[in-house]
Each structure stands twice: as C-alpha cells, then as structure tokens.
Amino acid sequence: HPKTSSLLLSLFGAMASRSFAYALGFSAVAAAAAAAPGRHAGPRAEEVEAARLGLFPFFVSDISGLQLPLASADGAVKPPKIMPQWSSALIYDGDMMNIPFKDGRGTFLYDRDGSRYRTTYEVKDAYFNPGMLQFRDQLAGADIGDNMTWGRDDDGVCMPWGYDRPYSDLFAWVSLASRTGQKNVGGETCSVWTWYFPSYGLTSEICVGADGLPREMNQTFGAGGKWSGGNYMQFLNFTVGDPGDEAFMASKACATNWPTQPCENEEVVTMDTYRIWAPPEPMELANRNTGDVLGDLSFVCTQGSGPMYRSKLITYWQVIVSTTFGQYALCNYNGTDNVCAGPPAQLARVGRRSGQMSGKGARMGQCSPNDDAGSQYSFPGLAQCPPGVVPGGAAGCTWTGAVPVRTIKASCIMEERGLLEACSRDIGHAPFKEAAAVWLAAFATDDPYMGGCPDVPSAESDIVVLV
C-alpha cells in the first residue's frame with residue numbers, strides 16, 4: 001500500500017506506505033530508507049560512508065551503477081567545493097509520485113561545519129484543491145536526524161526521520177559529479193555538475209558559481225517507477241556566514257507536540273476502509289495503512305496508478321474503532337512482518353491523516369472530516385483490542401473486530417471499470433466524485449453490467465483474519 005539526498009528523497013519517506021514522504025534531501029531519503037522496517041538497529045560501516053557522501057545507505061548495497069566523475073586532462077578530478085556556511089532565498093518546484101508542486105517560495109540555510117541544514121517553503125498543490133498551499137519545514141542535523149514539519153505553528157505536524165542514523169550532507173554527492181557544461185541562472189554564470197546513479201534512476205545536477213555558491217539544483221528519481229519524482233531548487237539573495245543556532249531551532253510541532261495529541265471527541269463506530277495489497281503479505285489490518293473511499297482513491301489516483309499496483313488486490317474491510325484518532329503512522333510489510341514506525345504513544349491509537357497529506361483539514365486532517373481528499377488510517381498492532389473488548393480510553397485499545405467484506409482484483413476496477421480514466425477527469429476537482437462512483441459500484445456487486453467486479457477466490461487471496 002502506499003506506502004524518501006536533498007529535497008527529493010526525504011519526500012519519499014513520508015509518501016512511502018501511504019505516506020507522501022514529503023521530506024527533502026539526500027539525508028531525508030537516507031533516513032527514510034535506513035529506518036525502513038526490517039533494517040538492523042544500528043548503522044553499518046557502509047552506511048556511515050554513505051552518510052559521508054550524502055548517499056542513501058541503500059544505494060551503497062549496489063554500487064555497480066555509480067558513474068564516478070571524469071578526470072580532467074591532467075588526470076585530476078576537480079569538482080566544486082560548496083561554500084561551507086550560507087543562507088539564501090529559495091524557489092522550489094517538484095513532482096512527487098504524480099503530484100505536482102509549483103511556485104514554492106521560502107528560505108534555505110546551510111552549515112556544513114555544524115552538520116546541519118534547513119529548507120522552509122510554501123508551495124502550491126493543486127492536485128486535489130485549486131489554490132491549495134502547503135507549508136513545509138525540513139530540519140536536518142547530526143544531533144537530531146531529519147525532522148519534517150507539515151504546517152505552521154499549532155497546525156504543524158512533526159514527522160521525524162532517521163534520528164538514529166548518521167547525518168548526510170545535502171551537497172556531499174557533488175564530490176562524485178562530472179562537469180557537464182555551464183549556464184546562466186538569474187543573470188549569473190555557473191558551472192553545471194552532474195551525477196548519475198542509473199541503478200535507481202537518480203540524476204542530480206547542480207550549477208555552482210565561481211564563489212562556491214550553488215545557483216540551482218535539479219534532481220530526478222525513479223525513472224518512471226513506483227517512487228518516481230523530481231525537484232528543482234533555485235538559490236538566490238545569498239548571505240555568506242553561519243546562519244546561527246537560532247535559525248536551526250526545532251519547529252513548534254517537533255519541540256512540543258510530537259506525536260500529536262489525540263482527537264477529543266470519543267465515539268465507537270464501525271468504519272468502512274480499504275486496502276490495496278498482494279500475497280505473500282497476510283490479509284489483515286494489524287500494522288497496516290488503509291483509506292476510506294476518497295482516501296484510497298487519493299492513493300490509487302496518484303502513487304498507486306502504476307502497473308505494479310494493477311496486479312494487486314483490493315480488500316474492503318469493516319472495523320470497529322474509537323474516534324480518538326492519533327497521529328498517522330507509516331506502516332509497511334517487510335516481507336515477513338507487518339510493522340508500524342513511531343514511538344509507543346503514537347502506536348497506541350488508530351492514526352488518521354488527509355489523503356496523501358493534501359487535504360484542507362487542520363493538523364494534516366487528523367481530527368477533520370476530510371471530505372475533500374479523504375482519510376487514510378494506520379492500525380498499529382499495539383492499539384488492537386483483545387477479543388471481546390470494546391475500544392476506548394478505559395480499555396486501553398482503539399480498534400477491534402476487523403472483517404474483510406470483499407476482495408477484488410485491482411485490474412478490474414482500475415482498467416476494466418475505467419477508474420483511472422475517471423481519476424484523470426477528477427484531478428483538481430476534489431472530492432473525486434466520478435472516481436468514487438466507479439469505486440463504490442465495483443464493490444457493491446459482482447455484476448459487470450452494474451459496474452461490479454467479481455470476488456477473488458479465498459485461495460488466491462490467502463486469507464488470514466485477526467479480529
């Protein structure tokens with residue numbers, strides 16, 4: 001299920017597992033990958049070296065695709081040296097997992113000597129709601145890992161990544177780059193340096209002035225696959241020197257409200273939810289992410305529209321939950337077990353957020369109806385009630401009684417019933433009403449003349465149900 005260096009890869013951390021890994025930076029991607037379920041507890045020597053180079057540790061496991069910088073005529077490799085301490089204004093555009101982000105404006109702070117950097121900006125996200133603005137703040141440092149904050153002040157949600165991993169410098173990869181030309185950016189001439197990593201479809205390009213300050217950086221990742229995306233960063237109006245400790249203070253959300261406090265209105269309700277998955281993963285909800293109709297559509301119509309998801313299954317579940325939702329947790333199947341990431345306080349409740357973190361609701365939709373982009377949920381195993389126990393504060397658990405109602409093939413609804421075409425017509429007009437009608441019809445009946453999809457035989461879905 002939906003399950004990210006520089007701006008691009010940390011973004012994948014949050015998007016991953018129904019997470020719009022919207023963090024920013026080689027360090028964020030490094031942190032997201034290193035902290036992925038199934039990984040060891042401490043950094044290996046190769047990961048420390050990866051951090052030194054600003055690489056995703058997972059890249060280091062296969063260096064066959066590395067294209068090292070070309071030597072100059074005299075045999076010396078002379079990549080540029082980035083100025084160690086500076087700050088600037090920032091222009092940002094990106095495309096993450098089929099969702100475009102445009103006209104971002106903010107600031108960038110860099111302190112190589114202090115092993116820290118910060119990217120803060122507001123950007124347009126019109127995929128669901130025209131005129132929608134998102135505020136993001138990524139703070140990375142040797143003593144804190146990589147913290148992504150979504151939203152401002154009391155509306156912010158803190159998403160830490162990789163606090164137990166070595167720091168990755170945002171520009172360290174430049175030491176591997178080859179000179180590929182020069183260009184004019186904002187009226188200034190700069191030299192273009194490019195680094196390719198074909199094994200992962202990664203291309204990083206930076207244009208550096210004679211003063212050692214980058215004028216722009218472009219990155220693409222994934223070569224059209226599951227985690228595809230890209231970003232463009234332009235740096236301007238520089239101030240050279242240490243930005244100072246105050247500039248690197250934690251956001252209010254990370255300093256005082258991580259994980260977020262639970263929703264106050266407690267009810268116990270039976271909820272409909274959906275999950276896209278495939279064997280050998282067991283068909284159960286413990287330690288998994290799901291979505292309501294609009295929430296699952298926000299995934300399927302973006303990140304989940306590729307060929308690899310069309311071969312999967314989609315199960316419609318009913319589950320009893322307490323509505324004291326907590327902060328959404330990233331959950332993944334690691335090939336052996338279902339695992340949710342987060343501290344115990346976060347994993348003690350069903351988590352909720354707006355679909356692909358793109359709705360209008362406060363605190364990323366945790367306690368909102370999310371009637372535009374839908375809701376996505378996390379079901380930590382630690383929050384599951386024992387059989388016969390009703391969810392709630394007194395019970396010390398928040399969900400139970402998960403029952404699979406129907407399972408259908410994703411290819412039936414996406415291709416045969418025209419869901420993806422409906423998605424394309426709904427883009428920019430949330431809620432996705434046409435796509436929702438196709439979705440509901442597919443699960444309402446197995447009659448193809450009424451828009452239904454046939455049930456998948458239990459042997460094919462390998463049902464395992466834990467209630």
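This is a predicted model: local features need pLDDT of at least 70, side-chain atom pairs count only at pLDDT 80 or more; totals for chains, interfaces and linings use all residues.
**Notebook: disulfides**

I went through the cysteines and counted seven disulfides, taking a disulfide as a pair of cysteine sulfur atoms within 2.5 Å. Residues are numbered from 1 along each chain as its sequence is written, and side-chain values use heavy atoms, with hydrogens and water left out.

**Cys-190 and Cys-207**

I looked up this pair and found the sulfurs joined at 2.0 Å. The link is right-handed, with 100 degrees about the S-S bond. Cys-190 sits in strand 8 (residues 188-197) and Cys-207 in strand 9 (residues 202-208), so the bond ties parts 17 residues apart in sequence. Helices (H or I, at least four residues) and strands (E, at least two) are DSSP runs, numbered from the N terminus. Cys-190 is buried at 1% relative accessible area, and Cys-207 is also buried, at 1%. Buried means under 20% relative accessible area, exposed over 50%, partly exposed in between (1.4 Å probe, protein chains only).

**Cys-263 and Cys-367**

Here I got 2.1 Å between the sulfur atoms and a left-handed link, with -100 degrees about the S-S bond. Cys-263 is buried at 8%, whereas Cys-367 is partly exposed at 37%.

**Cys-301 and Cys-423**

I have the S to S distance as 1.9 Å. The torsion is about -55 degrees, so I logged this disulfide as left-handed. Both Cys-301 and Cys-423 are buried.
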